[in-house]
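Notes follow as I look things up.

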Amino acid sequence: LLRPWQELDRSTWPCGFEAGRIARNLLAGEGYGSPFAVRPGEGFRVGPGGPGARPDPAPSTGPIPATAWITPPNVYMWVLVFRLFGVYSPVSWAAYLGLQVALMAWALFLLWRALSLAAGRRAAAAGLLLLLAYPLTWSMPLSDTHSSTLFVFLLAASLYALARWLGGGRWPWLGLHALAAAAAVLSEGSALLFLAAFEGWLAVRGVRGGRPAGGNAPGWAPVPPAPRRLSRPATVLLTAGLACLLTWGPWLVRNWRVLGAPVLLKSNLRVERWLGNNPDALVGILHSQDEHGVYSNESERRLLLQMGEPAYARLCGRRFVDFVSDRPADFLLLTARRVLHFWTMLPGKPNPARPLLTALFLAVLALFAGLRFREWRRARRGADRPDRPWLETAAVCFLLWYPPAYYVTHFFMYRYRFPLEMMLLVAVACALARALPPRPEMRAAGAD
């Protein structure tokens with residue numbers, strides 16, 4: 001809690017760094033400008049000050065160049081608090097964290113309602129208890145100033161809207177689901193694979209058996225299709241495509257017009273791939289980022305501002321391709337190491353609570369795997385296959401398709417895994433509700 005008061009006089013890192021600096025540029029009338037252009041007298045340093053610290057970067061002159069390094073959702077959250085409470089003030093920092101806590105509380109309510117509609121009241125109660133008791137649910141909104149909490153909120157809104165549509169709601173609920181999902185991907189581009197995989201799965205299930213049941217009857221129950229001009233799979237896919245066009249289209253057109261390149265989400269994807277795959281990355285998981293990152297290497301920062309983001313991204317893309325083609329074994333080693341760190345711990349980041357939080361995450365993951373293995377073994381012995389709610393399948397899809405973007409890019413930060421841990425708790429709640437013995441009234445209804 002003391003960190004902003006100690007650092008804001010020399011560093012803009014506590015206020016979201018890139019997102020906060022772009023928000024400052026917008027409020028100063030500089031437009032959506034590069035976070036790496038430094039104005040005289042401002043704090044830019046990321047690491048600690050004192051003897052041996054990196055020197056402050058040279059101030060930039062002239063107009064600040066346009067950027068697509070960070071997408072707009074988190075930037076405009078900083079614009080809001082800066083406009084209300086002042087640019088780079090400790091009060092703005094505190095207000096931003098308070099806004100994140102409010103978004104997380106709203107996200108928990110939406111996930112609880114989605115669980116209730118898709119998997120029943122027992123799963124909803126289990127999910128709410130797990131989410132409320134999980135330490136990262138509240139520590140992440142109170143410590144992270146990037147976009148993880150906003151992404152979780154948009155993801156929860158998307159799943160709740162889908163639960164309403166699958167439960168018999170009208171088309172606007174499907175449209176709201178698609179818009180929230182597209183906005184979530186805009187705020188966290190690594191979820192693009194998940195969005196494509198999940199929407200495709202949803203459309204295929206619509207072909208095979210109608211839309212999923214809602215309410216307290218989890219599972220895929222065939223529903224007589226209402227007369228529509230389009231089949232249900234086409235409705236799902238066209239709605240998702242229209243939502244992506246409406247959400248990403250203006251950003252894409254702006255980037256093409258201002259930067260001269262069709263940047264769909266962020267311009268730094270190829271930069272991150274190179275930062276994670278170069279000879280210095282073999283020295284240590286954090287070494288390459290500290291040595292070559294734009295915010296820590298003055299030569300790279302100047303090169304970025306001189307070339308422009310699209311050209312600099314293409315340069316980093318060529319560096320990445322050269323490394324992979326020249327040293328494929330090292331690339332596979334680095335990828336395997338990133339996979340290991342994503343699911344366990346990151347060396348070089350000392351934090352007394354991290355081993356306990358990682359052990360808790362692995363315990364929850366083992367619990368879910370054990371519950372699913374128990375169901376598989378019972379099915380092998382002749383028991384009926386359980387009806388799994390679509391929301392559990394969505395959570396499993398997220399576990400599979402959200403992490404790959406981090407397997408091939410730069411080093412892993414724990415906030416990247418935070419949304420995955422929230423979705424894992426949703427999946428555990430669904431599995432626990434099936435594993436618990438039925439209540440007496442449910443057993444009697446089954447006998448009748």
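This is a predicted model: local features need pLDDT of at least 70, side-chain atom pairs count only at pLDDT 80 or more; totals for chains, interfaces and linings use all residues.

**Entry 1: ground rules and a first pair**

With which residue does R301 form a salt bridge, and how far apart are the closest N and O atoms? I find E298 as the partner, with 2.9 Å between the closest N and O atoms. I call it a salt bridge when a side-chain nitrogen of Lys or Arg lies within 4 Å of a carboxyl oxygen of Asp or Glu.

Residues are numbered from 1 along each chain as its sequence is written, and side-chain values use heavy atoms, with hydrogens and water left out.

**Entry 2: more on the salt bridges**

I looked up where R301 and E298 sit: both are in helix α13 (residues 298–307), three residues apart, about one turn of the helix. Helices here are DSSP runs (H or I, at least four residues), numbered from the N terminus.

Next I checked R302, which also forms a salt bridge with E298, at 3.1 Å between the closest N and O atoms. R302 and E298 are four residues apart in α13, again about one turn.

Buried or exposed? I use under 20% relative accessible area for buried, over 50% for exposed, and partly exposed in between (1.4 Å probe, protein chains only). R301 has 3% relative accessibility, so I count R301 as buried. E298, at 27%, counts as partly exposed. R302 is partly exposed too, because its relative accessible area is 48%.

How many salt bridges does the structure hold? I get nine. One of them joins R327 to D330, with the closest N and O atoms 2.7 Å apart. R327 is partly exposed, at 33%. I also noted a network in which salt bridges with shared partners join R372, E375, R388, E392 and R434.

I took helix α17 (residues 390–401) and helix α19 (residues 418–435), whose axes come within 9 Å and cross at roughly 145 degrees. The axes are lines fitted to C-alpha atoms over the stretch in contact, and angles run from 0 to 180 degrees between N-to-C directions. The α17 and α19 crossing is left-handed, meaning that the near helix is turned anticlockwise from the far one by less than a right angle (clockwise would be right-handed).

Which residues of α17 make the contact? I list L391, E392, A394, A395, F398 and L399. On the α19 side I see, among them, L420, M423, L424, A427 and R434. Contact means heavy atoms within 4.5 Å. By class I get 13 nonpolar, no polar and two charged residues. For the classes, Ala, Val, Leu, Ile, Met, Phe, Trp, Tyr, Cys and Pro are nonpolar, Asp, Glu, Lys and Arg are charged, and the others, Gly among them, are polar.

Helix α2 (residues 18–27) is mostly covered, with eight of its 10 residues buried. Its buried residues include E18, R21 and R24. The cover over the buried residues of α2 includes α3 (72–85). After α2 comes G29, with a positive phi near 80 degrees.

I then looked at α3 with helix α4 (residues 90–119): the angle is about 130 degrees and the axes are 9 Å apart. That makes α3 oblique to α4. My cut-offs are under 35 degrees for roughly parallel, over 145 for roughly antiparallel, 65 to 115 for roughly perpendicular, and oblique for the rest. The α3 and α4 crossing is right-handed. The contact includes W78, F82 and F85 of α3 and W93, Y96 and L99 of α4. Its residues divide into 12 nonpolar, three polar and no charged.

**Entry 3: F82 and Y88**

F82 lies in α3 and is buried, at 2% relative accessibility. Leaving out residues up to four places away in sequence, F82 touches C15, G20, A23, R24, L27, V87, Y88 and S92.

Y88 sits in the loop between α3 and α4 and is buried, at 18%. What is the phi of Y88? I read a positive value of about 55 degrees, although Y88 is not a glycine. Most residues other than glycine have a negative phi.

Methods:
Helices (H or I, at least four residues) and strands (E, at least two) are DSSP runs, numbered from the N terminus.
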